Amino acid sequence: MSQPTSAPEIARGLRGVVLDTTSTCHIDGEAGKLYYRGYSIHDLAEYSTFEEVTYLLLYGRLPRRDELEEMDRRLRQSRSVPAPVLDVLRVVQKAHPMDALRTGVSALAAFDPETADTSLEATLRKAERLIAQVPTLVAAHDRIRRGLEPVPPREDLSHAANFLYMLHGREPDAEAVDAIDMDFILHAEHGSNASAFAARVTVSTGSDIHSAIVSAIGTLKGPLHGGAAEAVMHMVEEIGDPSRVDEYIQRMLAEGRRIMGMGHRVYRVEDPRARHMRERARALGERLGQPKWYQILERIAELTAPLRSRGISLNVDFYAGSVYYLLGIPEDLFIPMFAIGRMPGWCAHVLEQMQDNVLIRPLLQYSGPIDLEYVPIDQR
Ligand code: CMC
């Protein structure tokens, strides 16, 4: 068996590879800092709204009030999805919500008036429509699988409030809206993460934004990316009571198992998004008379302190699951929640890739045999 002689350096998982330049997002993993288009995530989490962050990511700067109102009006008017797309969701009602969402976005491509137009202008219009429609798909599929009729979107509610309204069929309270708006802001963008990379690869071939979002949704689904919040909540429920944390976590650490909601490819210190979710998890737990979930999380954080010296710290999803849980969001909707929040980031990457496109096509070093003799099938 002959092997290639010269072995190029392989960056497994593309670790450390700088793909291109970007103006969407800057992450300083050593210092634990995150900026969307130059603005600190802490300022955006405290002062902004998901709609304003959407404008910032799509258009590259903070909007004037009239610009924000105009884009928000377009988003509100684009929330409905065509009836045949709801029928598709009925057909796949037993599927995991992420599979249903991926199918739903794919089906939307068949009805969007500009699907085949890959100009920047049309892609921006489609991006706004998709950002507006994705929450409707998630909520409608959840209603359908519970044997309920989808709740039509309302134009008088914010993005976060309308999503909760469509999901639960009643107007949410201000604290729930605030927590979900914050969650969407924190998840809106995060550089060349696996799903944004998948979206960029897709449009780098000249393909369209619906296809890119389908790729991104499929990529987000995995437990190492979007699935962590769900996995954290499973762990917390399995522990069940603060008195049982020590035994559970010490066993996991002794067995060398991964603790979900910790570690990150980029951050060596605590993910700057985590602190905002921590505060929401604490406040919501107290208000709803269920402080134990937060207590369990805080004890897990304490017990895993030794991992910090290896650069394994809390990430955004460590607390996100408990916030969703307290707001009555089913566990298998946690990844779709992430997708709703990440939509503006994915769209910004699609637009950026299209603006100065180059086909993304890395190499693999071949490690198999060559020049094997082809043996006819009945002689093998
Ligand atoms: N718990 C315990 N050990 C860990 C963890 C963890 N959560 N994460 C990494 N490690 C260890 C890992 O076992 C390995 O140890 P060793 O060198 O002894 O084999 C070392 O740290 C490096 O791990 P890696 O998997 O090579 O590093 P990576 O940069 O590829 O991992 C990660 C990043 C997110 C996949 C990983 O930290 C992980 O699996 N975390 C748990 C899942 C999670 O919370 N994901 C959500 C990320 S935040 C949301 C998002 O942006 O997608």
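Student: Which residues does Arg273 touch, not counting residues up to four places away in sequence?

Tutor: In this predicted model, Arg273 touches Leu34, Ile41, Leu186, His190, His264, Tyr267, Val316 and Arg342. Arg273 itself lies in the loop between helix H12 (245–254) and helix H13 (274–287).

Student: Why is Arg273 called buried?

Tutor: Buried means under 20% relative accessible area. The relative accessible area of Arg273 is 3%, and therefore Arg273 is buried.

Student: Which residues of helix H10 are buried, and why are they said to be on the same side?

Tutor: The buried residues of H10 (residues 209–220) are Ile209, His210, Ala212, Ile213, Ala216, Ile217 and Leu220. They cover an arc of only 155° around the axis, which puts them on the same side of H10. These buried residues pack against helices H5, H6, H9 and H17.

Student: What caps the N-terminal end of H10?

Tutor: Asp208 does, with a side-chain oxygen 3.1 Å from the backbone nitrogen of His210.

Student: How many helices and strands has the protein, and why is it called as compact as a globular protein of its length?

Tutor: The protein has 17 helices and three strands. Its radius of gyration is 22 Å, close to the 21 Å that the globule rule gives for 380 residues, so the protein is as compact as a globular protein of that length.

Methods: Residues numbered from 1 in each chain as written. Predicted model: local features only at pLDDT ≥ 70, side-chain atom pairs only at ≥ 80, totals over all residues. Heavy atoms only, no water. Helix = DSSP H or I, 4+ residues; strand = E, 2+ residues; numbered from the N terminus. Expected span 1.5 Å × (residues − 1). Buried < 20%, exposed > 50% of the residue type's maximum accessible area, 1.4 Å probe, protein only. Arc of directions from axis to C-beta. Contact = heavy atoms within 4.5 Å. Polar contact = N/O pair within 3.5 Å; in protein donor to acceptor, adjacent residues only side chain to side chain. Rg over C-alpha atoms; globule rule 2.2 N^0.38 Å.
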